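Hi,

Here is the structure I promised to pass on. Have a look at it first, and then read my notes below.

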Amino acid sequence: MQQAPTPMVLTDARGVIQRVNAAFERVTGYSAAELLGQRTSLLRSGLQGDGFYRGMWAELQRHGRWHGDIWNRGKDGHLYQECLSIVALRDHGSSSAFYLGVYSGLSSPAQARDTMLRHGETDPITGLARRSAFVGALQRLAEQGAHVHVLALDIDGFTALNEQFGLAGGDAILRQMGLRCSQLAASNAQVCIVGRVGPDEFAVGVVAPADFRVGDGGVFWMRQFAECLTAALAQPFEVAQGRKLTIGVTTGLASLAPGAGSAAETLLHASFARQQASPGDAALQQYEAQARPRQLALWLREALRRQEIQVAYQPKVDLRSGALAGVEALARWHRPDGTTIAPSEFIPLAERLGLIGRLGDRVLEQALQDLGQWGAAGLAQPVVAVNISALQFHRADPAQDLASALGRHGVAPGLIELELTESLLIGEMASVMQSLQALRQLGVRLSIDDFGTGYSSLAYLRRFPIQYLKIDRQFVSDMLEDSSAREIVKVIVELAHRLGLRCIAEGIETRAQLAALRAMGCDEGQGYLLARPMDPQALAFLLSGSRPWRALFTPSAEDLDADVDQEQNEDSCAHSD
């Protein structure tokens, strides 16, 4: 077997590879060490459906042999056709103990590409599937019940590159682009299909993992795949005479659920999403299936370009003294036609479109500008809390970016508090800790927003250089009716104090909630009961000394406790009615 010139593979009865020869290693690109213990499905191309393989195994079980043409995918992602003969090796009990596969005929990728070229299925420059073959393979996967996601990638300014470096230089870029897409696809744990679907457009189809749920984290796992691909394509490309250059790539994402459309439509949707990006914008653009989100997506991009996103400020109050403890900067979107888009609608949209980083930058820039203007006007400058997105936090040097912004506006670092979500802190802990330490050394304050709703480890929490824990508004809203929510709030307050942190409650809407939080020892709070979000001009009035919530802190503790009892009794009566 080892000396045989034709590729050979030996599997057990379940299709798990037990032995391969040197010719098999050469053809597939995999070493024996990489193949042993793997199922032969590792080599599946995606061009032949489950029905093909079910028929092959059924014939093997009935007759003990099978012969036919099969499409496989090598380690580098290239597709190639082979003529395969399989025979069953039976044990003494007449059941198949092993299967021996022998390949012949089209046993090299070069020969296979020639065959596919004759059928118009393979692109002659990159060796990848053409548009029709890519769509066909994608459709077969969807018909088998798979949830498939499609990335469309386009090279920015490819026509200009062709003019500058000639067709040979352009072809070299296309080949390297196809190779990098194929290499990442081959290294991915999911079934992938790669194709060149246009003159300068590539597509990658990825089957969702088995535990995928529709809408799960905005297909976060697929965004991670896209980020890895974008990073690979950001490396310099070699063109004529050893010259290297960096090219820009725009990417779009669309999803194909079983029975919810066609593969051709999904590829068009991914291309449409990609076209919404500006040249040089590497952020992944996700296709919106409904007309309203698509229209909002167009408006939001335009609003960010024109700096139409405004900032409102909601005061945070010291719950012991009633003093102004700071403000939170909140994004607000008022369109030129006078309509207002709710944050609950445009912020999740910005996250899906990859625009949340630009939105966060806009809010931070406006907050720094307002702080500078308040200081110039002789007003007391409050500490301003700004939400920071994962896209901003995971940039190369977030501390340096913030330091530059502070310097532009002449604002002291201690006047900025960055609110980070728990999920944002999940990742490579050394990198996360390095960024947090750099921000603290800069002098800004750090808080964990919506604490108790994410996944942070308490073991890491004590190591994070933060100053505040912020209780999610849902716990505050439920704590008077739900004893579990009330206990969670108490535990968070006590935990914060034991770690030497201050605790902030958001969403305070009733006097009873305020009284309960004060009784627990919560340090700061915000909500409609205390003050609604306001524009910079209205906040300037507060900074001059006005405290509209002052009356809430003048009654005695007994009066507040009575309010708590009264509201709870009223709720009890309402429930009994």
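Strand E16 (residues 384-387) and E17 run parallel, joined by 4 bridges. One detail to look up there: Ala 385 has Glu 417 in E17 as its bridge partner. Before you go further, please keep in mind that this is a predicted model.

On to E17 and strand E18 (residues 445-451): these two also pair in the parallel sense, over 5 bridges. Leu 418 has its bridge partner in E18, namely Leu 446. As for E17 itself (residues 416-421), 5 of its 6 residues are buried, so the strand is largely enclosed by the rest of the structure.

**Nonpolar cores**

The largest nonpolar core counts 84 residues. Tyr 313, Val 384, Phe 464, Leu 469, Ile 471, Met 479 and Leu 517 have the most contacts inside it. Which helix gives this core its largest share? That would be H11 (residues 356-376), with 8 residues.

Leaving aside residues up to four places away in sequence, Leu 469 touches Ile 448, Phe 451, Leu 461, Ile 492, Ala 496, Leu 501, Arg 502, Cys 503 and Ile 504. Another core lies apart from the largest one; this other core has 30 residues, including Ala 185, Val 194, Phe 202 and Leu 284. As background, nonpolar side chains in soluble globular proteins tend to be buried together.

**Aromatic pairs**

How many aromatic pairs does a search of the whole structure find? The count is 4. One of them is Trp 57 with Tyr 99, an edge-to-face pair at 5.2 Å centre to centre, with 85 degrees between the planes. Trp 57 belongs to helix H3 (residues 50-63) and Tyr 99 to strand E5 (residues 96-104), so this pair ties together parts that are 42 residues apart in sequence. Are these two buried or partly exposed? Trp 57 is partly exposed, because its relative accessibility is 26%, whereas Tyr 99 is buried at 6%.

Trp 333 and Phe 346 make another pair: their ring centres are 5.7 Å apart and their planes stand at 90 degrees, so this one is edge-to-face. Trp 333 sits in strand E14 (residues 324-334) and Phe 346 in helix H10 (residues 343-353), so the pair ties together parts that are 13 residues apart in sequence. Both Trp 333 and Phe 346 are buried.

**Helix H10**

Staying with H10, its buried residues are Phe 346, Leu 349, Ala 350 and Leu 353. They span an arc of only 100 degrees around the axis, which means they lie on the same side of H10. After H10 comes Gly 354, with a positive phi near 75 degrees.

**Charges over rings, and a threonine**

- The charged end of Arg 44 sits over the ring of Tyr 53, at 3.8 Å from the ring centre.
- Lys 316 lies over the face of Tyr 468, with 5.8 Å to the ring centre.

Last, there is Thr 266, in helix H8 (residues 263-275). Why does Thr 266 count as buried? Because its relative accessibility is 4%, and the cut-off for buried is under 20%. Not counting residues up to four places away in sequence, Thr 266 touches Val 150, Ala 254, Ser 255 and Leu 256.

Cheers

Note on methods:
Residues numbered from 1 in each chain as written. Predicted model: local features only at pLDDT ≥ 70, side-chain atom pairs only at ≥ 80, totals over all residues. Heavy atoms only, no water. Phe/Tyr/Trp six-rings, centres within 6.5 Å; stacked < 30°, edge-to-face > 60°. Buried < 20%, exposed > 50% of the residue type's maximum accessible area, 1.4 Å probe, protein only. Lys NZ or Arg CZ within 6 Å of the ring centre and 35° of its normal. Core = buried A, V, L, I, M, F, W, Y, C linked by side-chain atoms within 4.5 Å. Contact = heavy atoms within 4.5 Å. Pairing = 2+ DSSP bridges. Arc of directions from axis to C-beta.
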